[in-house]
Amino acid sequence: MNWRAKAALIAITVAAGLLGAAPPRVIAVDVDGIVHPVTVEVVSRALDQARNEGAAAVLIRLNTPGGLMDAMRATIERMFASRVPVIAYVTPSGGRAASAGFFLLQAADVAAMSPGTNTGAAHPVILGREMDAVMKQKVEQDAAAMLRSIVARRGRNSELAEKAVLESRSFTDQEAMKERLIDLVARDEADLLRQLEGRPVKRFDGSTQPLHVAGASVVVYEPRLREKILKAVSDPNIALVLLVLGALGIYVEFTAPGLIVPGVLGAIMALVGLSAIAILPINWLGVALLLLALALFLIETQVPSHGVLGVGGAVAMVLGALLLIDSPLPEMRIRLATAISLALPFALITMMLVSLVVRARRNKVTTGAEGMIGEIGTALTALDPSGTIFVHGEYWNALATRPVAEGQKVRVTDIHQLKLTVEPVQDRPEVDRGV
């Protein structure tokens with residue numbers, strides 16, 4: 001083959017490669033709730049997927065009120081270590097990247113926002129306890145120093161970003177763009193990728209890398225089943241429901257041994273609920289009120305109080321649920337609707353059990369020795385004072401308090417060592433109706 005033929009073959013091969021080249025891929029991952037340990041796992045796996053598939057970038061869609069500082073730091077570490085450029089995009093319109101979300105936005109190689117979004121309000125709070133002045137200053141300065149380090153390396157406005165920590169400043173998309181807290185404002189993802197085409201981004205390690213993402217196919221990271229379950233139960237409302245239902249299942253198993261299913265399911269739900277609540281800041285007064293509520297419900301089933309204990313248990317459960325999570329973020333607290341939805345069924349179930357107990361106590365005993373008292377039988381032999389009677393479908397030895405003729409009806413008044421004490425049943429006198 002001469003050199004002309006070789007050149008033609010190479011040209012054809014290159015042209016075919018260009019024509020058949022696949023469009024660039026962008027892996028999108030949603031951070032659309034509280035930043036917690038599950039967030040770290042989801043973002044880490046999305047970054048790994050992008051690296052393994054040779055994606056051009058990772059797009060983190062932010063819409064979060066904030067979250068746990070440890071989880072935020074761990075997520076930022078994964079973003080810094082990523083070999084694939086990371087784009088943080090606050091979306092949709094009306095969304096926000098507040099508190100921990102502001103840190104994630106600033107940590108990305110590219111920070112972008114949709115029109116009508118906001119960010120900031122990154123003042124740190126130690127959840128679960130009050131801070132004294134010294135501790136408060138330490139936490140604030142630590143968070144501010146971390147943010148300054150991030151923003152300065154990204155070439156953004158570190159002085160203004162620091163005010164989001166120290167003064168809880170918030171910014172609209174236009175304000176953030178004007179003050180150089182973000183890199184651009186984009187109407188949607190297509191507009192975002194179009195604006196980023198060919199744009200050089202400075203990675204956290206100091207290297208510069210151009211982005212080629214125009215017309216890229218956006219592949220949404222699909223969380224694994226484990227991640228979906230953990231994300232669902234990390235909602236404190238769902239965690240509380242699981243915990244309470246688990247406690248109910250265990251109680252049913254103890255009161256009716258051998259059912260097995262309520263005990264097994266109850267133990268599983270209780271453990272899952274505890275594992276989810278364990279990562280949240282707990283107010284022990286709320287825990288005490290919940291335990292008091294369960295105790296009042298149990299006592300009500302044993303000692304009927306005409307509903308007083310049941311109502312007290314319902315009130316204690318509602319208050320305990322509302323106070324259980326000590327957090328300034330409404331999204332991390334138990335909702336009033338959840339608390340009432342749990343307390344009312346428990347109260348109704350307790351009232352139903354109490355009514356059944358009261359009815360059972362009022363009913364005449366029909367089994368055992370007590371069940372014989374008051375039964376009517378027939379004397380098979382004369383009782384003077386002892387003999388045999390037929391009562392309750394059985395033959396019994398009996399002792400009469402007064403002489404009883406054979407065939408006469410008798411009533412059982414007592415039982416002692418398998419011998420009945422009876423008395424004759426007086427026949428009703430005939431009433432003279434006249435002529």
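Reader: How much accessible surface does the protein chain have, and what percentage of that belongs to carbon and sulfur atoms?
Author: Keep in mind that this is a predicted model. The protein chain has an accessible surface of about 23500 Å², and carbon and sulfur atoms account for 61% of that area.

Reader: What percentage of the residues are buried?
Author: A residue counts as buried when its relative accessible area is under 20%. Of the 435 residues in the protein chain, 40% are buried.

Reader: How many helices and strands are there?
Author: The protein chain has 14 helices and 16 strands.

Reader: How do I read the packing of two helices, say H2 and H3?
Author: Start with the angle between their axes: under 35 degrees counts as roughly parallel. Helix H2 (residues 37-52) and helix H3 (residues 69-81) meet at about 10 degrees, with axes 8 Å apart, so H2 is roughly parallel to H3. On the H2 side, the contact includes Pro37, Val40 and Leu47, while H3 contributes residues including Ala71, Arg78 and Met79. Sorted by class, this contact has seven nonpolar, three polar and one charged residues.

Reader: Which residue caps the N-terminal end of H6?
Author: That is Asn157, with a side-chain oxygen 3.3 Å from the backbone nitrogen of Glu159. Within H6 (residues 158-166), the buried residues are Leu160, Ala161, Glu162, Ala164 and Val165.

Methods
Residues are numbered from 1 along each chain as its sequence is written. This is a predicted model: local features need pLDDT of at least 70, side-chain atom pairs count only at pLDDT 80 or more; totals for chains, interfaces and linings use all residues. Side-chain values use heavy atoms; hydrogens and water are left out. Buried means under 20% relative accessible area, exposed over 50%, partly exposed in between (1.4 Å probe, protein chains only). Helices (H or I, at least four residues) and strands (E, at least two) are DSSP runs, numbered from the N terminus. A polar contact is a pair of N or O atoms within 3.5 Å; within protein, one must be able to donate a hydrogen and the other to accept it, and residues adjacent in sequence count only if both atoms are side-chain atoms. Axes are lines fitted to C-alpha atoms, for helices over the stretch in contact, and angles run from 0 to 180 degrees between N-to-C directions. Angles under 35 degrees count as roughly parallel, over 145 as roughly antiparallel, 65 to 115 as roughly perpendicular and the rest as oblique. Contact means heavy atoms within 4.5 Å. Ala, Val, Leu, Ile, Met, Phe, Trp, Tyr, Cys and Pro count as nonpolar, Asp, Glu, Lys and Arg as charged, and the others, Gly among them, as polar. Accessible areas come from the Shrake-Rupley method with a 1.4 Å probe; for residues, only the protein chains shown count as cover.
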